[in-house]
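Let's work through some exercises together, one step at a time. Keep the structure in view and try each task before you read its solution.

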Amino acid sequence: MEHFFTRLEEIKEIKQTLAKRDWFLGTSGNLSIKVNDHPLLFLVTASGKDKTIHSSSDFLVVDENEQSIWDQTKNPSAEAILHKLIYKNSNAGCVLHVHTIANNLITQSFPTNKEVSFSGSEIIKALGLWEENAEISIPIIPNHAHIPTLGEAFLPHINGNHGAVLIHNHGITVWAETAFEAKKQLEAYEFLFQLTLQSKPTSLSV
Ligand SMILES: CSCCC(=O)C(=O)COP(=O)(O)O
Ligand SMILES: [Zn+2]
């Protein structure tokens, strides 16, 4: 139980930090943190809420069918299936999804089912790549309104315990083994997007 409350505090703190950055405009975005491996249980944001307002009903615990196990008065994030797919196919412990102007604009510069690559910035070390001239690539998938179809497009890109997927004209989903790592990596990706958009167009490469 102590573990549960520690995880809850971690994800609440991330929600508050990202809200201060305006990364939840228009009720967009969803966050989750794993609280049990077998059976899979994770805390996930409730759907459709203003995520800049913080209350005791911000999160609910769902199982591997994305069903709330205690509280039937609110619904889990509509995108909880993506979080479930990540937890079922990696050792990730936390999943963060945000819509930002920068992550939407970056996807508009590239075709879907391709990837966008970044190199030449020190912040790439925050993504775990420490070698000289390291390059990081992020896949861009189509934005299917039907979430199970979005999940099918997303699944092949879950290739490790941490990673990221851009959804075209929608947002980014980042996962990592811990909440600290997931937030760090999300921030590093958003840094790269903003840097690229504010730099010369030649710094983009497909
Ligand atoms: C209001 S943005 C459209 C839904 C979305 O993409 C999102 O991230 C928020 O959905 P949720 O069900 O998690 O509130
Ligand atoms: Zn979304």
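**Exercise 1. Find the handedness with which helix 3 passes helix 5, and list the residues that make the contact.**

Solution. 
Step 1: The model you are looking at is predicted. In it, helix 3 passes helix 5 in a left-handed crossing.
Step 2: Helix 3 covers residues 101-108, and the two helices pack at an angle of about 60 degrees with their axes 9 Å apart.
Step 3: Helix 3 brings Ala102, Asn103, Leu105 and Ile106 to the contact, while helix 5 brings Glu190, Phe193, Gln194, Thr196 and Leu197.
Step 4: Sorted by class, the contact of helix 3 with helix 5 has 5 nonpolar, 3 polar and 1 charged residues.

**Exercise 2. Describe how helix 2 packs with helix 4, and decide which classes of residue make up their contact.**

Solution. 
Step 1: Helix 2 spans residues 80-88 and helix 4 spans residues 147-154. Their axes lie 9 Å apart, at an angle of about 30 degrees.
Step 2: The crossing of helix 2 and helix 4 is right-handed.
Step 3: On the helix 2 side you will find Ile81, Leu82 and Leu85, which meet Ile147, Pro148, Leu150, Gly151 and Phe154 in helix 4.
Step 4: By class, this contact of helix 2 with helix 4 has 7 nonpolar, 1 polar and no charged residues.

**Exercise 3. Work out why helix 2 is described as largely enclosed by the rest of the structure.**

Solution. 
Step 1: Take the cut-off first: a residue is buried if 20 or more other C-beta atoms lie within 10 Å of its own.
Step 2: In helix 2, the buried residues are Ala80, Leu82, His83, Lys84, Leu85, Ile86 and Tyr87.
Step 3: Because 7 of the 9 residues of helix 2 are buried, the helix is largely enclosed by the rest of the structure.
Step 4: Now look for the cover. What lies over these buried residues includes helix 4, strand 1 (30-36), strand 2 (41-45), strand 3 (59-62), strand 4 (94-98) and strand 8 (171-176).

**Exercise 4. Identify which members of the largest nonpolar core touch the most other members, then follow the contacts of Leu166.**

Solution. 
Step 1: The largest nonpolar core has 48 residues, and those touching the most other members are Cys94, Leu96, Leu166, Val174, Trp175, Ala182 and Tyr189.
Step 2: Helix 5 (residues 179-198) gives the largest share of this core, 7 residues.
Step 3: Set aside the neighbours of Leu166 within four places in sequence; Leu166 is then in contact with Asn103, Ile106, Thr107, Val116, Ile138, Pro139, Ile140 and Ile172.

Notes: Residues are numbered from 1 along each chain as its sequence is written. Chains are lettered from A and ligands numbered from 1 in the order in which they are written. This is a predicted model: local features need pLDDT of at least 70, side-chain atom pairs count only at pLDDT 80 or more; totals for chains, interfaces and linings use all residues. Axes are lines fitted to C-alpha atoms, for helices over the stretch in contact, and angles run from 0 to 180 degrees between N-to-C directions. Helices (H or I, at least four residues) and strands (E, at least two) are DSSP runs, numbered from the N terminus. A crossing is left-handed if the near helix is turned anticlockwise from the far one by less than a right angle, and right-handed if clockwise. Two residues are in contact if their C-beta atoms, placed from the backbone, lie within 7 Å. Ala, Val, Leu, Ile, Met, Phe, Trp, Tyr, Cys and Pro count as nonpolar, Asp, Glu, Lys and Arg as charged, and the others, Gly among them, as polar. A residue is buried if 20 or more other C-beta atoms lie within 10 Å of its own, exposed if 12 or fewer, and partly exposed in between; C-beta atoms are placed from the backbone. A nonpolar core is a set of buried Ala, Val, Leu, Ile, Met, Phe, Trp, Tyr and Cys residues joined through C-beta atoms within 7 Å.
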